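Subject: Handing over a structure

Dear colleague,

I am passing on a structure that is new to you, together with notes on what came out of going through it. Please look at the sequence and the structure first, and then read on.

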Amino acid sequence: GSDASLGDQVAHKITGIDPGAGIMNATQKAIDDYGLSDWTLLESSSAAMTASLDKAIKKKEPIIVTGWTPHWMFAKYDLKYLEDPKKSYGEAEEIHTIARLGLKEDKPEAYQFLDNFQWTEDEMGEIMVAIQEGTAPEKAAADFAEAHPDRIAEWTDGIAPVSGDTITLALVNWDSEVASTNLAKYVLHEKLGYTVKELQVDAGPMWLGVAQGDADATLAAWLPLTHADYWAKYQDKVEDLGANMTGVKTGLVVPAYVEATSIEDLVD
Ligand code: PBE
């Protein structure tokens, strides 16, 4: 097709993130589904991927990255998803809050807040963009809470604060999850009186940590597709508190100036 040279221009490489991320599995699946056997998915990290993207955009060079929404990259750069007619990246993805078994009995106040907590892409965007612009995550979460007292009140409605209790939240260092987890930390600490510990690990250990009870909960479970393997493995050992955000998305992302419009255009 007319984009036959794109593969050569990017050396048939897709810039990925951490190997435990669900988007890496989905991208391997896309490589199979679309017959992209001469393409390589590079492992890196969330931070290294956005650094590569920034570098390419400054030089107006083509690049293909594994991307997701919500993410500040869409506010900062003019980007587009490559269409995915074969649905390798699924449909109607959500971010779920997952708790360890027994949290409801052991820490009912924290459980109630985590069960109540649901927000929007725009709300998360406020925290994410502030962090990306240099605000410390804790400060960005506190600023959000101060700007949206009604939301905090909704999520904590009728919950009596505790004293001397500790809660551990597990997360992966993905920009979206740093934002949500810092907000939950703020509410659990400032409004509900918990000492909050953070367990920052890779995706596999995050799910395992909740399943084993090393962590009380995570706000970073992408379902039904992105973390399908982890869900299959641990669903009997965790409790799904439902979506904390709906309408999220993963896929292959390129700068708007890249001519390709579909993953099918990557076949040369
Ligand atoms: N993500 C962001 C994660 C979930 C959150 C899309 C990079 C993943 O691929 O597992």
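The notes below go from the overall build to the ligand, the core and a few backbone details.

Please keep in mind throughout that this is a predicted model. The secondary structure of the protein consists of 12 helices and 9 strands. Its radius of gyration is 19 Å, close to the 18 Å that the globule rule gives for 268 residues, so the protein is as compact as a globular protein of that length. Along the principal axes, the C-alpha trace spans about 65 × 40 × 25 Å. Of the 268 residues, 44% are buried, and among the contacts with a separation of 6 or more, 83% are between residues 24 or more positions apart.

The domain assignment divides the protein into domain 1 (6-90 + 250-266) and domain 2 (93-248), and the C-alpha centres of domain 1 and domain 2 lie 27 Å apart. Where the two domains touch, domain 1 contributes 16 residues and domain 2 contributes 21 residues. On the side of domain 1 that touches domain 2, helix H2 and strand S3 (65-69) each supply at least two residues, and H2 gives the most, with 4 residues. That side of domain 1 divides by class into 7 nonpolar, 8 polar and 1 charged residues.

Turning to the ligand, the residues that surround it are Ile17, Ala21, Gly22, Ile23, Trp68, Trp174, Ser176, Glu177, Ala203, Trp222, Thr226 and Thr250. This shell draws at least three residues from each of domain 1 and domain 2, and helix H2 (22-33) and helix H10 (175-191) each supply at least two of its residues. By class, the shell has 7 nonpolar, 4 polar and 1 charged residues.

The largest nonpolar core has 81 residues, and those with the most contacts inside it are Ile127, Leu169 and Leu188. Like the shell around the ligand, which takes at least three residues from each domain, this core draws at least three residues from each of domain 1 and domain 2.

A cis peptide bond joins Thr69 and Pro70, with omega about 10°, and Pro70 lies in the loop between S3 and helix H4 (73-76). The peptide bond from Leu223 to Pro224 is cis as well, with omega near 10°, and Pro224 lies in the loop between strand S8 (217-223) and helix H12 (228-234).

Two lysines have a positive phi although neither is a glycine, namely Lys60 at about 55° and Lys87 at about 60°. Lys60 is found in the loop between helix H3 (46-58) and S3, where it is exposed, with 9 other C-beta atoms within 10 Å. Lys87 lies in the loop between strand S4 (79-81) and strand S5 (93-100), and Lys87 is exposed too, with 11 other C-beta atoms within 10 Å.

With best regards

Methods: Residues numbered from 1 in each chain as written. Predicted model: local features only at pLDDT ≥ 70, side-chain atom pairs only at ≥ 80, totals over all residues. Near = placed C-beta within 6 Å. Nonpolar A, V, L, I, M, F, W, Y, C, P; charged D, E, K, R; others polar. Domains from an automatic or database assignment. Core = buried A, V, L, I, M, F, W, Y, C linked by C-beta atoms within 7 Å. Buried ≥ 20, exposed ≤ 12 C-beta atoms within 10 Å, placed from the backbone. Rg over C-alpha atoms; globule rule 2.2 N^0.38 Å. Contact = placed C-beta atoms within 7 Å.
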